[in-house]
Amino acid sequence: MDIITIGKKAKAASRLTASLKTAEKNEILLKTAEALIKNTEEILKANSTDVEKAKQSGTPGPMVDRLALNEERIEGMADGLRQIAKLPDPTGEVINMKTLPNGLVVGEKRVPMGVIGIIYEARPNVTSDAFGLCLKAGNAVILKGGSDAINSNMAIVNVFKKVIEEMGINPDIVQLIEDTSRKAATELMRFNGYVDVLIPRGGAGLINSVVMNSTVPVIETGVGNCHIYVDDSAKTDMALNILINAKTQRPGVCNAAESLLVSEKAAPEFLPAAVKALKEKNVEIRGCEKTREICKDSDIIPATEEDYGKEFQDYIISVKVVKDVDEAIAHIAKYSTDHSEAIVTESYENAMKFTNEVDSAAVYVNASTRFTDGNEFGFGAEIGISTQKLHARGPMGLKALTTTKFIIYGNGQIRK
């Protein structure tokens, strides 16, 4: 199906999704969740084709992990849809209402955006999350996944469409662009009149391409160069647990830690323990001169300027010794992608300073950056993590997929 046809069908279907009652949307979500489980074997078969192709092409292990599905992950996708069904429906919510001196009653109501386009890379779970969130917020969705996951995405969307059609509802409320070429992506970026907003999810290259080339309004989701700062008063065991979790639980995701900052007072005790723990997890360490001096026998690679600004998405971390919390904040301001940063400290004053002065979408005190996630924040799932400052910031749930309109009640007023 060509892109123009997809756009026209999505635009027509968006009028249907906007009119669906909450109960109807929830029924679709619950039935598609059940269908994911019933069709696990079919989905895993399609996914195995994608995974094998990725391995043969030399795709790094963490990126293959992002692509791979198993029974547990499919259950997680289904559970995400169930959680979205339980969430309050944001559409129709009256945000405020007031009566003007002339008697007009002015209200602001939350309404669907219309058609949302999602351009994303090799994460099949995004297919499910995006469908569920867009539907619950009353939108139609056009999905443009990467070539790496095309078989997985087709299998998932086919499951959804079959269920929706069996319910007597127009299946065009969710559509997948099966053409994986750049030309198709560019056409979607310039689909004014058919797509109301575009959301990219992926690496820096994809996000920058969408931001620079799109004529459709874009909600920019960010690359995750996330920092862990270990302050003077940090408890060593807590700091180690947070560091290892943030870096190694899933190094290929955007909320994984990419850089470790350690105060010079804490460094002599903490760094040797941290390097030992990271090495046990096979993490390559790229450190500053002070880091290498403190850990002389640890085979630490000299860090470059590029390393401090890089999202590795791999078992690699940059390390720097800083004078204090002020220097840590300055370093983060210079190199951060404004995603997620954490301080480990027992100092209330430094914790408050860090949270007040670090200008990222999520700022943590004594917790792992891995929690920056819509499901973890109670949104059921997320459409992405916005690092911009307009409309939505941080993990984007249902409300971020709506807009507002004014409703005005009068009794014959005319403007003089």
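Is Glu-75 buried, partly exposed or exposed? With a relative accessibility of 35%, Glu-75 counts as partly exposed. Keep in mind that what you're looking at is a predicted model.

## Salt bridges

Let's stay with Glu-75 for a moment: its side chain meets that of Arg-82 in a salt bridge, at 2.9 Å from N to O. Arg-82 is partly exposed too, at 26% relative accessibility. The count of salt bridges comes to 21.

Another one pairs Asp-89 with Lys-25, at 2.8 Å from N to O. Asp-89 sits in the loop between helix H5 (71–86) and S1, while Lys-25 belongs to helix H2 (residues 22–38), so this pair ties together parts that are 64 residues apart in sequence. Both ends are tucked away: Asp-89 counts as buried at 19% relative accessibility, and Lys-25 counts as buried at 1%.

Then there's Lys-290 with Glu-264, where the closest N and O atoms are 3.8 Å apart. Lys-290 is in helix H12 (residues 289–294) and Glu-264 is in the loop between strand S8 (257–263) and H11, so here the parts being tied together are 26 residues apart in sequence. Lys-290 is partly exposed at 44% relative accessibility, and Glu-264 is partly exposed at 36%. Elsewhere, salt bridges with shared partners link Asp-65, Arg-73 and Arg-250 into one network.

## A three-strand sheet

Now look for an open sheet of three strands, in the order S1-S2-S16, with antiparallel pairing. Strand S1 (94–99) and strand S16 (402–409) are the edges; each has a single partner strand, so one side of each has no neighbour in the sheet. From one strand to the next, the twist averages 20 degrees.

S1 and strand S2 (residues 105–112) run antiparallel and are joined by five bridges.

## A nonpolar patch

Val-94 is found in strand S1 and counts as partly exposed, at 45% relative accessibility. Together with Met-97 and Tyr-409, Val-94 forms a nonpolar patch on the surface, with about 320 Å² of accessible area between the three of them.

## Two asparagines with positive phi

Asn-282 isn't a glycine, yet its phi is positive, at about 65 degrees. You'll find Asn-282 in the loop between helix H11 (267–280) and strand S9 (284–287), and it counts as exposed at 65% relative accessibility.

Asn-366 also has a positive phi without being a glycine, at about 60 degrees. Its place is the loop between strand S13 (362–365) and strand S14 (385–386). At 27% relative accessibility, Asn-366 counts as partly exposed.

Note on methods: Residues are numbered from 1 along each chain as its sequence is written. This is a predicted model: local features need pLDDT of at least 70, side-chain atom pairs count only at pLDDT 80 or more; totals for chains, interfaces and linings use all residues. Side-chain values use heavy atoms; hydrogens and water are left out. Helices (H or I, at least four residues) and strands (E, at least two) are DSSP runs, numbered from the N terminus. Buried means under 20% relative accessible area, exposed over 50%, partly exposed in between (1.4 Å probe, protein chains only). Two strands pair if DSSP finds at least two bridges between them. Axes are lines fitted to C-alpha atoms, for helices over the stretch in contact, and angles run from 0 to 180 degrees between N-to-C directions. Patches are made of residues with over 30% relative accessible area and no salt bridge: like charges are joined within 9 Å, nonpolar side chains (Val, Leu, Ile, Met, Phe, Trp, Tyr) within 5 Å. Accessible areas come from the Shrake-Rupley method with a 1.4 Å probe; for residues, only the protein chains shown count as cover. A salt bridge is a side-chain nitrogen of Lys or Arg within 4 Å of a carboxyl oxygen of Asp or Glu.
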